[in-house]
Structure formats: C-alpha cells, structure tokens
Amino acid sequence: MNEWVARFFGLGAVGAPLLLLSTFGLATFSDRKLSERTMARLTASCVSYGLFSVVAMFLMMLWTGDREVPVEVGDWVALPAEDFHFRLKFLFDRLSVPFSALTFMLVGVTGAFANRYLHREPGYRRFFLYFAVFLMGMVVAALAGTIETLFIGWELVGLASALLVAFFHERSAPVVNAQRIWTVYRISDAAFLIAALTLHHLSGAGDFAAFTGSGPWPQSETVIAPGQAFGVGLLLLIAAAGKSALVPFSGWLPRAMEGPTPSSAVFYGALSVHLGAYLLLRVSPILNASWLLCACVVAIGAASALFGVVAGRVQTDIKSALAYASLTQVGVITAEIGLGFRYVALIHIIGHACQRSLQLLRAPSLLNDYRLLENALGGPIPHVPGVTEQRLSPETRLRLYRIGIDRGQLDASLDRFVVRPFVRCFRWCDRMERGWTDILAGRRSRPPDHARHRHLDQVVSKATSPPIEEPS
Amino acid sequence: MSSMRFPWLELAIILPVLGAIWVKFRRDPRVARRHALAITALTLLATLGAWADFANLGTRTAQDPSHPLSQFTGRDLLAIDALNAPLMPLGALLNFLTILSTLRTKFREFSLPRTLISESILLSIFSASTSWGVVTMMALAVVPRFLESIQQRQPSRVYLAHMGLFVILLVLGEMGVSRAATPQEQPLWAILMLTLAVLLRGGVVPVHCWMTDLFEHASFGTALLFVTPMTAAFGVTRLVVPVAPTWALQIISVMSLITAIYAAGMALVQRDARRFFCYIFLSHSSLVLVGIETATPIGLTGSLSLWLSVSLSLTGFGLVLRCVEARVGRILLTEFLGLYDQIPMMAGLFLLTGLASVGFPGTAGFISIELIVEAAVQALPFVGPLIVIVTALNGLAVTQAYFRIFAGRSASSSIDLRIRRPERIAVMITTFLIIGGGLFPQWGVTSRYHAALQLLAERARVAEAARPAPWPAPPVAHVRPAPPAGSGGRQR
C-alpha cells in the first residue's frame, strides 16, 4: 500500500479523537463553555471521520491484499547513543481494524444516545470530556503497534472509566466505588508496565513484531523462551484480569454501574471490559509459547464465567445483572483465547459488545418493555424453571445463592487480607511518627482539624446568631 | 570557561535582594504584592536570558561577562552549565507562581520580602560554581524559615534540630572532602557526612519528620518553596555524585527507594491535606534520588527530567491545595468537601498536576518515569517493579485526595469561591508547561541527557584521578589537581 495513503488514513483514525479531546480540553481550561449542540456535533463529526478512516484503511487493505499495515509516527523520545527509543507506531491488521471500527461505531451510537439522555444535566460537558478521553484511549490501545503505545491508551481508558463512575459525585457511593475501581486499575497498570519493560528488556524493543514475531496476526511466533513467556504472560494476565474484571478482581464490575447508563453501556458492556481480552489476543504468540500459561488463561476465564453465572442470577437490579452477564461472556472469551481460538474470540467480542451495549442502553426503560410485553401476552410472563431448578438440590441451590448474593466474598477478602493490614500498618507508622515529632517538639502536634473547625464553627455561630425576638 | 553576553546570573540573584528591600517598605499589601510579582517576573526573565545565552554559546559552562562579584572575592563564584541552566528558571518560576497565586488573606503570614530573599538564595545555590558556594548557600537557605517561625511564634524545635544537624554534617563533610590533597585521599567519613547531610535535607526516612512538621506549622507557601525546588537533589548531584564510591550510591539508592515506598503508603492514610502533600512530595523526591544514584546516562537523564516535572507539577498541586485552603481553611481528607461545582478549573488542575507527578501518559512526568524504570531494571532488577508500585500507590493517593476535596454535595457559601484572575493565570501557565512537556518531551530529555553526561564525565574524571598509580608516583602532596579547561563541574 502506498505509504502516504496509509499515513493519511492511519493518522486520521488517531487524529480525529485527538482533535476532539484537545477541543474539549481547551474549552474546559479556558472556561469557554461550548454549547450542548456544538459538543454533540463535534463528537459526531470526529467519530464519523475516525470510522471513515478505519473503514477506508480496511478497504485499501482488501484492495492491495496487505494483511498488516504499520503506520509510523516516529520516535516520541529517542536517545540514539543509549539505544533508547520510545516509538509511536500504529498497526492496522486483522485484529486492530475490527476492534477500532467497533470502538468508533459504539462510541458514536452511545454519544448520540447520551446527547439526549444527559440533556441539560449539570455534568453534560464533563461527561463528553471524559468520553473523549475514553475514545482517545480506546483508539490508541486498539491501533497500538508498540507495547508502550498500548500502555498509553490503556491508562487513558482507566482514568476515563474511574472518573465516569464518579460522575454523580454529589453522592458518596459512586465516588467510593470509583476509587475502588481506580485501585484495581492501578494494580493492573503496574502489572502491565512491568510486563512491558520486561518485554522491552528481553527483546530490545517495544515493537510487537520484536517479541511476537514478524508474521501477521495471529500466525506469528514469539522469539521469547517458554520460561520467560510464562513470567511475562502471567503479568499480562494480571493486567488483563484487572481491566476485564476477571476473577479475583470481579468485584468492581457491578460497582462500576454507578456511572451514567451511556458510559456503563460503552465501558462495561462493550469496550473497556473487553480490553483485557484484546490485550491477550494481541500478545497471543506469547501465550502459544507456554502451555502452562494457556492453562492459567483458561482457568481464570472459566472461573470468571462460572462466577458471573452464579452471581448474575441473584442480582436484583438490571444493571448489576447485565454486568455479571458481561463478566460471564468475557470469561468465556478469555477461555477461548487460552484454548487457541483467536478468531472465535474476536468475533465473540464484537457480537457480545454490540448486544450488551444495546441491552444496557435499554436498561432504563426495562419496566416499560416488560409492560409492553405483558400487554402483548395478555398476562404475566410465565416462569419457566431453569436448569439449576431442575437439576440441583435445594441445599446446593441455597449454597450457590449465598455465594452469589455475597458476590463470592471477593471484595471482602481483598479488603480483609490486603487493604486492612496495609492501612493498619501505615496508620500505626503515622501514630509513631506523630509521637516522635511531639517528643522532639516538646508539645503536642496540631489537633485534628475537623474537631477544631467544628468547635470554632459552634463558637462563631453562637456568638453571631441574632437573639430570638420575643413575639410582641 | 566562556563568558555570556550579559551578566544574567548576577542580575537574577541581585534583583530579588533589591526587590526585597523595596517591597519591605511598601505599606499597602496590594502594592507590595504587585511589585514583588514584577520583581519575580524580571528575575524569571533574567534566568531565561541566562539559559538562552548559554544555549547560544554552545559551551559546557559559562559565566557572567563582567565580574563585580568575582573581582570582590578574587574567584569566579557563579557559573551556568547544562545541569543548572533549566533549574534556575524553574526556581524563579516556582517563586513567581507562588506569589501570583497568593491571595490577600495570606499576606499576614506569607512574607514577600522573605520570599524574595529565599529566591535569591535558591538561585545562588543553583548557580554556585564551587562546592563551598553550594554548601554556604544551602546552609543559608534554612535561615528564612527559621526567622518566620520566630516571627509567627510557631514551634521550631523539630526544624531547628534537623536543619542544625544538616548544616553541621554538610560543613564538616565538605571540609573533610576539600582538605584532601587528591581524590583518593578524600576520607570516607567526610563523604558519608556529606551524603547524610543531603539525605537529611531531602527528608529520607527516618530523618524526615522535619518535613511533616514544616508543612504542619509553616505557611503553605513557605513550605512549598522550601522543598519543591529539591535543593537536596542538587546537593547530591554537585557534592556527592562526583566523589561517592559506587557502593555508597547504591546504599543511598536503597534508602531513597524505601523512603519512596514508605511515603507513598503514608500518603494513602493521611487525614490532613498538608501532611498528605508532604508525603506525596517525599515519595516523588525520593524517586528522583533513586534515579540519580543509578549513575547511568539513562537513569540520570530520567532523574533530571523527573526533577523538573515533579518540581513543577507538585508545585502546581500544592498551589491548588493552598488556594483551596485559602477558601475553606485547613483541608481534612476524611470528609467530602464538594468543591467541584464552585471551582471546576481548580479541580481540573489538581487532577492534572497530581497525575503529572505520577507520570501519567501525556504529561511531563511520563517519559521521566519510563527512563528511570528502564535504567533501574538494568541496574538492579528488583528496583524497577518497586518504582512502578510506588507510582501506582501515589496515583491512588492523588485520586483519593481529589475525590475528597472536589466530590460530595457542595455546601452553600456566603463568599464567592470562584477562581480569581491571578490564580487562573497560574493555572494556565502550569497546565501549558505540564501538557507541553508531556506532548513534546524530546527537547527537554535531550537537554537533561547532556547534563547527565556532564555529571558522569565529572564522576569519571574524579574516579580516574583517585585510581592508584601502577608504580610509585612522584610526590604530589599539597598539589591540587587543576580542573580541565572548560569543565563546569565540581571546582574547589
């Protein structure tokens, strides 16, 4: 393919979200408020242009028969004498083209939906700003040709996700849940970054071709030894598990439903939740190098699917039920990747993302849909006993119900065995430090401010409040 | 050593001193603030002029053309090289931004003349061409805060104990090192003292309590300006790196890493915003030291880049906290303050500066962290993952504080909390530099790479001089080795 044509379409696909993000970002910091209509039109235009670029690139690839088209942006940072290069490179192949096209399509649809859904909402602008960050992150991650580039997109998606979960920040629950999600994402990011640097160290470059082989996806073969592949692969699996809410990180997925419905649909029904699976697909040549690693991937996928089924069945709100349904499918997709069915997994991702985002977008009108259905049927929807009711004993069902309603105690275990010891340890250190400083200073350190402020407020309000007038 | 076209360095140092005297006698605080702002802006221009002039000369080191100071003292006291060229504008910018974002309510506790004097001392530290110059100015830099504590009747024992020890160790260490006739005769105890001194100044665990005490009691602006330019890191590069043996650097590296992890954990459990900021800063400044002490070109480049980005981003972060504090009083992180709706721009800057400090993609710190981790993985394989974990923990602490301060139901306020114009300008400048440095990092990284090479060359030169001769050499005692022509490094 002509290099200039590839660059035109390739950079167009990345440039459109970048333009959108820059415009919204500048508007936010310059305090110049864009109207809702302008924001919606800009989003639609940039998403359309991005989709057009990807589709055009796809058609060009079909026309020329190229299975892989790299688009080099160049070195972002280079120290040639030290052989340090941070390259920005995008890759259009059988994996990235469908995934990026799916991204543009679903973001466009959800953006149009959100434009009406959030009309005159106080956080309208904020939503679309974070949405632009998400789009940028997803497109960069999908089209990344180097692992560092993928990491950039990965981080942007995580940030947008956490901020959108805390969208309704007047209430404490969304904020607390957003912080929890961000915590899991940071663990996932740390694992990813360590894996990326290790791969960089092992292969001498961050280019996917350097460690997954030079052939087109998914036929390429890695040059990394099986032992090393297992170590790095485990780190990548942790990263993927964090991002896709696989076991043992599944607890955050229903919490993420605190965000507005459009973001829930596009993040946790469609795109963000599949990013972990996408990463595993991208590094699948590394998985091929170690059967033990593949077994781990299958095990985690199967466990997540099973957990999703058990927990999803007992949820009492539609968004949580859909979240666990998503988890079930993502678990199955992960198992498919571990078993070596790459194309099946890719098609599964596309189909599941489209169906789940539609379900989530319909979720607010579920009761209306039920009413219409019941009206059409002329009575309540008949209850058909499921497999569990037919095959399992009441004791087993009760046990499964408890596991499901407690969400497998996953969050509680993490809290008990990781978070609590950590916090206790550092709070103890804090007390010791304060004590030591008090001894050195020869006086007690500053009292807790909330107590002081409240006391002052009370004093001030008593002093300044006008006396109650006697009724004449 | 080449001469610049204009005495930028002396101008940058003298301007704030004269300005301090001028501002001292302004009665109206608003006029005083305006004049102080103009003086810091002129100082910033002078430092930028020095940097541009130095870059145009293309030499390793340069000095002022006319020598009033050197004629007075009999030797060159000020010089600019690849290391300090961007540090001086950085120091001036931090002062400019701090004064710019100071609201009227803070004038009583935040002294403008003292700040200008501190700025002059800071620029003297950065531009000192001799080790004794650096030592003297670093010792002098602790005085303004002490004077503030006396004037404001704040507790100062913790600060005094630590800084007193710092000055003693620094002076004794430097005396020991500079008395040695040749590099191989430099006593170990002196190097150790110097190292301890700069670690103490940097707030390495377990001698870091002075920093929490400082943030708890001093005015926020003073505390910020005392720590964010990271003069301890400068002390390490100028005083320790050229003379310390490799094992000593590794010990320092491990201690800094422990501090970074410890401070990151502590930042997560803090309930007071000032203490939280202190630990976040401590964690990041320790990461800078970890990179410096890898003593490899990539690690040093990463560290020097991180130094600039952390200084800038955490000053911005601290200034936002200070602006919020000016509106609602001391900030408690156990409650949701709900300030987003009133000051959304501040919220944006808080998040941006916080994420920039932890090396989020697209901000100035991203490439720096990558470089440090890359170097650490090569030097000590277990260090790389630990640095990544530190940045992950710091990222958590930043968002936790963000949510605590800006999320929640907004309380109605009887006063207008919206952002003021000077604050808006400070926000725009900081944002521009953080995003600009993040999107176009090559220029900055190249500049820091040259500085790193210069530092390593200086270290190699000292190591070469310290290597014992293969056969008995002629007596050279009491003959000081002359620095090579054009050397911008350590001169005694």
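This is a predicted model: local features need pLDDT of at least 70, side-chain atom pairs count only at pLDDT 80 or more; totals for chains, interfaces and linings use all residues.
Visitor: Which residue does a cis peptide bond join to Val247(A)?
Guide: The bond in question has an omega of about 10°.

Visitor: Is Ala245(A) buried or exposed?
Guide: Ala245(A) is found in the loop between H8 and H9 of chain A, and its phi is near 60°, a positive value in a residue other than glycine. Most residues other than glycine have a negative phi. A residue counts as buried under 20% relative accessible area. Ala245(A) has a relative accessible area of 0%, so the answer is buried.

Visitor: What is the relative accessibility of Met230(B)?
Guide: Met230(B) is found in the loop between helix H11 (220-227) and helix H12 (231-240) of chain B. Its phi is near 55°, a positive value in a residue other than glycine. Met230(B) counts as buried, and its relative accessibility is 5%.

Visitor: Is H5(B) roughly parallel or roughly antiparallel to H6(B)?
Guide: Helix H5 (residues 112-127) and helix H6 (residues 131-140) of chain B have axes 8 Å apart and pack at an angle of about 155°. Angles over 145 degrees count as roughly antiparallel. The angle therefore makes the pair roughly antiparallel.

Visitor: How many nonpolar residues does the contact of H5(B) with H6(B) have?
Guide: H5(B) passes H6(B) in a left-handed crossing. H5(B) contributes Ile121(B), Ser124(B) and Ile125(B), while H6(B) contributes Val134(B), Met137(B), Met138(B) and Leu140(B). By class, one residue is polar, none is charged, and the nonpolar ones number six.

Visitor: What share of the residues of chain A count as buried?
Guide: Chain A has 20 helices and two strands, and its C-alpha trace spans about 95 × 75 × 50 Å along its principal axes. The accessible surface comes to about 21,600 Å², with 63% of that area belonging to carbon and sulfur atoms. Of the 472 residues of chain A, the buried share is 50%.

Note on methods
Residues are numbered from 1 along each chain as its sequence is written. Chains are lettered from A and ligands numbered from 1 in the order in which they are written. Side-chain values use heavy atoms; hydrogens and water are left out. Axes are lines fitted to C-alpha atoms, for helices over the stretch in contact, and angles run from 0 to 180 degrees between N-to-C directions. Helices (H or I, at least four residues) and strands (E, at least two) are DSSP runs, numbered from the N terminus. Angles under 35 degrees count as roughly parallel, over 145 as roughly antiparallel, 65 to 115 as roughly perpendicular and the rest as oblique. A crossing is left-handed if the near helix is turned anticlockwise from the far one by less than a right angle, and right-handed if clockwise. Contact means heavy atoms within 4.5 Å. Ala, Val, Leu, Ile, Met, Phe, Trp, Tyr, Cys and Pro count as nonpolar, Asp, Glu, Lys and Arg as charged, and the others, Gly among them, as polar. Buried means under 20% relative accessible area, exposed over 50%, partly exposed in between (1.4 Å probe, protein chains only). Accessible areas come from the Shrake-Rupley method with a 1.4 Å probe; for residues, only the protein chains shown count as cover.
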